[in-house]
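Student: I would like to learn how to read single features from a model. Can we take them one by one?

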Amino acid sequence: MLMTAFGGLMWLIYTAMLVLAVVALGMAAVAREDAYRAADKQNKMFWLIILGITVAVNLLVPMLFLQIAGLVATIVFFVDVRPALRQVSGGGRGRRGGSSSDGPYGPYNGGR
C-alpha cells in the first residue's frame with residue numbers, strides 16, 4: 001500500500017515537472033527575440049533548446065537526476081528570464097498605464 005502511494009506521488013511530481021517545462025517552452029517561444037537581447041539574457045534559441053531538451057527528458061528518459069536538472073532550468077526561466085522579458089516588453093503594470101499607487105478601482109489619493 002505504501003509503495004502504491006509513493007508511486008502515485010512520484011507520478012504526480014513527474015507530471016508537474018513536465019507541465020511546468022511545457023509552459024515555460026511555450027512562453028519562451030512566444031517572446032520576441034529582441035526582448036532577450038534587451039533584457040541582457042541568453043538568446044531565444046538557447047532557451048528554446050534548453051527547455052526543449054527538458055521536455056524531451058521528462059517525456060522520454062525517466063531519470064530523476066536529469067529531470068531535476070531540467071526543473072532547475074525551468075525555474076530559472078520563470079524566476080529570472082520571464083520577469084525580465086515582461087519588463088522589457090512592457091508587460092505587467094506598465095501595459096495598463098497605471099502607477100504604483102493605483103488600487104483595484106482606480107488611483108488611491110490618500111483620502112484627498
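Tutor: Start with Glu33, which has a relative accessibility of 32% and counts as partly exposed. Keep in mind that this is a predicted model.

Student: Where does Glu33 lie?

Tutor: Glu33 sits in helix H2.

Student: Which residues is Glu33 in contact with, leaving aside neighbours within four places in sequence?

Tutor: With those neighbours left aside, Glu33 contacts Asn43, Lys44 and Met45. Take Asn43: Glu33 and Asn43 are 10 residues apart in sequence, and their C-alpha atoms are 7.0 Å apart in space.

Student: Let us step back to the whole chain. How many helices and strands does the chain have?

Tutor: The chain has 5 helices and 2 strands. Their order along the sequence is α-α-α-α-α-β-β.

Student: What share of the 112 residues is buried?

Tutor: Buried residues account for 22% of the 112. The cut-off to hold on to is a relative accessible area under 20%.

Student: And contacts between residues at least 6 apart in sequence: what share join residues at least 24 apart?

Tutor: The share is 62%.

Student: Next topic: salt bridges. What is the general idea?

Tutor: Side chains of opposite charge can pair when their charged atoms come close.

Student: How many salt bridges does the count come to by this rule?

Tutor: The count comes to 3 salt bridges. The cut-off is 4 Å from a side-chain nitrogen of Lys or Arg to a carboxyl oxygen of Asp or Glu.

Student: Glu33 has a carboxyl group. Which side chain does Glu33 meet in a salt bridge?

Tutor: Glu33 pairs with Arg37, at 3.7 Å from N to O. The two residues are 4 apart in helix H2 (residues 33-38), so about one helical turn separates them. Arg37 is exposed, at 57% relative accessibility. Glu33, at 32%, is partly exposed.

Student: Which residue pairs with Arg32?

Tutor: Asp34 does, with an N to O distance of 3.0 Å. Arg32 is partly exposed at 45%. Asp34 is partly exposed as well, at 35%.

Student: And which salt bridge involves Asp80?

Tutor: Asp80 meets Lys41, at 3.1 Å from N to O. Lys41 is in the loop between H2 and H3, while Asp80 is in helix H4, so this pair ties together parts 39 residues apart in sequence. Lys41 is partly exposed at 25%. Asp80 is partly exposed too, at 38%.

Student: Is Asp40 buried or exposed?

Tutor: Asp40 is exposed, with 67% relative accessible area.

Student: Now helix packing. Which quantities describe it?

Tutor: Two packed helices are described by the angle between their axes and the distance between the axes. Here, take helix H3 (residues 44-60) and helix H4 (residues 64-89). Their axes come within 9 Å and cross at roughly 140°. That angle makes H3 oblique to H4.

Student: Is the crossing of H3 and H4 left-handed or right-handed?

Tutor: The H3 and H4 crossing is left-handed.

Student: Which residues meet where H3 packs on H4?

Tutor: From H3 come Trp47, Ile50, Leu51, Thr54, Val57 and Asn58. From H4 come Leu66, Gln67, Gly70, Ala73, Thr74, Val76, Phe77 and Val81. Sorted by class, this contact has 9 nonpolar residues, 5 polar and no charged ones.

Student: What does Val81 touch, not counting residues up to four places away in sequence?

Tutor: Val81 touches Tyr36, Lys41, Trp47 and Val76. One of these, Lys41, is the salt-bridge partner of Asp80.

Student: How many residues lie between Val81 and Ala39 along the chain, counted as their separation?

Tutor: They are 42 residues apart along the chain, and their C-alpha atoms are separated by 8.1 Å.

Definitions and conventions. Residues are numbered from 1 along each chain as its sequence is written. This is a predicted model: local features need pLDDT of at least 70, side-chain atom pairs count only at pLDDT 80 or more; totals for chains, interfaces and linings use all residues. Side-chain values use heavy atoms; hydrogens and water are left out. Axes are lines fitted to C-alpha atoms, for helices over the stretch in contact, and angles run from 0 to 180 degrees between N-to-C directions. Angles under 35 degrees count as roughly parallel, over 145 as roughly antiparallel, 65 to 115 as roughly perpendicular and the rest as oblique. A crossing is left-handed if the near helix is turned anticlockwise from the far one by less than a right angle, and right-handed if clockwise. Contact means heavy atoms within 4.5 Å. Ala, Val, Leu, Ile, Met, Phe, Trp, Tyr, Cys and Pro count as nonpolar, Asp, Glu, Lys and Arg as charged, and the others, Gly among them, as polar. Buried means under 20% relative accessible area, exposed over 50%, partly exposed in between (1.4 Å probe, protein chains only).
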